[in-house]
Amino acid sequence: MTSIQDRNDIGRRYVFICGLHRSGTSLLGRNVATMENCTGFKDTGVIEDEGQFLQDVYPTGRIYGGAGKFGFDPRAHLTETSALLTLENALKLRQSWEQYWDQSKTTRVEKTPGNLLKTRFLQAMFPNSYFIVIRRHPVPVSMANQRWKVSLAPLHNLFEHWLHCHALFDEDRKHLKRVYELSYEDYVRNPDKYHEEIAAFIGTRVPQAAMEQVSGAYNQKYFNRWSDLLNNSSFKAYYRYIALKYEPKFTKYGYSLTEGFGINEERLREAERISATAGAVYCLMADAYALTVRLTTQSRGYIKRQLRERLPEPLKVRIKHLLRKMAPMKKQPKMVLS
């Protein structure tokens, strides 16, 4: 089964916003949903109003490891050959989402990062579908995901994930009827241009009211941090090694891990002399460090959960009160026990 058509779909369009976590999908999705005759998810109570959390036809990205990891699980990649593609599931998915869309609008917008690996599946589920794919520089994407407690992965793994997911999409794109691609960097430089192009692509218009503001400042803070790691970190040999290793692969997408980050040619030549064996050791050390941090964080979480479950309520209130009094002196974050 390669296509499922519902009679109620006549006259409707389904717009799916796709891109890795922290690629600008939320901002883009909100702006597209603001366009004339468009409706998106809002105030649903789920994370970032993502459609994946409002249905039970397919597993959420969390099942496959979450941000920075989900793409490595083959089950996250769905196409028109998926066993989940049935008439029953198609109707079920529509019903799950329809209750959150404005029924007076005919263009329905749904945003979920994992859509990047489900385009062919969604196209079969919703034949009158449009895909808007946003791509962002791997440095801010990877660093932003690295700082999430659900990830805590070393940068070389996050670079691999970025490349793996976009490579899968590159192949899937050949099977798509309607797809529009843009980069986050171009979008923040000239949002009006891309709003007009997207509106024309999905057959609508940009409203007179101002769209949500966009800014390139978020990229720069990650670029500054990456530059500092390359030039000043105690582990700069590792960062320079992975920068050179992945540079040719990201060049294909128009991105660089070395240009514009203040590292001179002499230092790059030194990094080029790092052997594959030494580089592998650096990566293993990064893996071990990430695992240690992850286990420590998880242990703290376990202890907090046990305290919440076992301590009497009056004692928890007293502890919270004491911690609030100590926080200004020690500048420590509060421990929440309830």
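1. Let us start with Asn37, which sits in the loop between α1 (25-34) and β2 (38-39). Helices here are DSSP runs of H or I with at least four residues, strands are runs of E with at least two, and both are numbered from the N terminus. The phi angle of Asn37 is near 65°, a positive value in a residue other than glycine. Its relative accessibility is 34%, so Asn37 counts as partly exposed; buried means under 20% relative accessible area, exposed means over 50%, and partly exposed lies in between (1.4 Å probe, protein chains only).

2. A word on what you are looking at: this is a predicted model, in which local features need pLDDT of at least 70 and side-chain atom pairs count only at pLDDT 80 or more, while totals for chains, interfaces and linings use all residues. Residues are numbered from 1 along each chain as its sequence is written, and side-chain values use heavy atoms, with hydrogens and water left out.

3. Glu48 is another residue to look up, in the loop between β2 and α2 (87-98). Its phi is near 50°, again a positive value in a residue other than glycine. With a relative accessibility of 46%, Glu48 counts as partly exposed.

4. Now for the whole protein chain. It contains 12 helices and five strands, and 50% of its 338 residues count as buried. Of the contacts between residues at least 6 apart in sequence, 78% join residues at least 24 apart, where contact means heavy atoms within 4.5 Å.

5. Ala90 is a residue of helix α2. It is buried, with a relative accessible area of 1%. Ala90 and Ala124 are 34 residues apart in sequence, and their C-alpha atoms are 9.0 Å apart in space.

6. Do take a look at helices α4 (residues 138-146) and α5 (residues 155-172), which pack at an angle of about 120° with their axes 9 Å apart. That makes α4 oblique to α5. Axes are lines fitted to C-alpha atoms, for helices over the stretch in contact, and angles run from 0 to 180 degrees between N-to-C directions. Angles under 35 degrees count as roughly parallel, over 145 as roughly antiparallel, 65 to 115 as roughly perpendicular, and the rest as oblique.

7. Which residues of α4 and α5 make the contact? From α4 come Pro138, Val139, Val141, Ser142, Met143, Asn145 and Gln146, and from α5 come Leu155, Leu158, Phe159 and Trp162. By class, this contact has eight nonpolar, three polar and no charged residues (Ala, Val, Leu, Ile, Met, Phe, Trp, Tyr, Cys and Pro count as nonpolar, Asp, Glu, Lys and Arg as charged, and the others, Gly among them, as polar).

8. Helix α4 is mostly covered, as nine of its nine residues are buried. Its buried residues pack against α5, α8 (217-232) and α9 (236-251).

9. Finally, the nonpolar cores, each a set of buried Ala, Val, Leu, Ile, Met, Phe, Trp, Tyr and Cys residues joined through side-chain atoms within 4.5 Å. The largest has 60 residues, and those with the most contacts inside it are Trp97, Leu155, Trp226 and Ile242. Helix α5 gives the largest share of this core, eight residues. A second, separate core of 24 residues includes Tyr180, Tyr184, Tyr187 and Val206.

10. Leaving out residues up to four places away in sequence, Trp226 touches Val139, Met143, Leu155, Phe159, Tyr239, Ile242, Ala243, Leu257 and Phe261.
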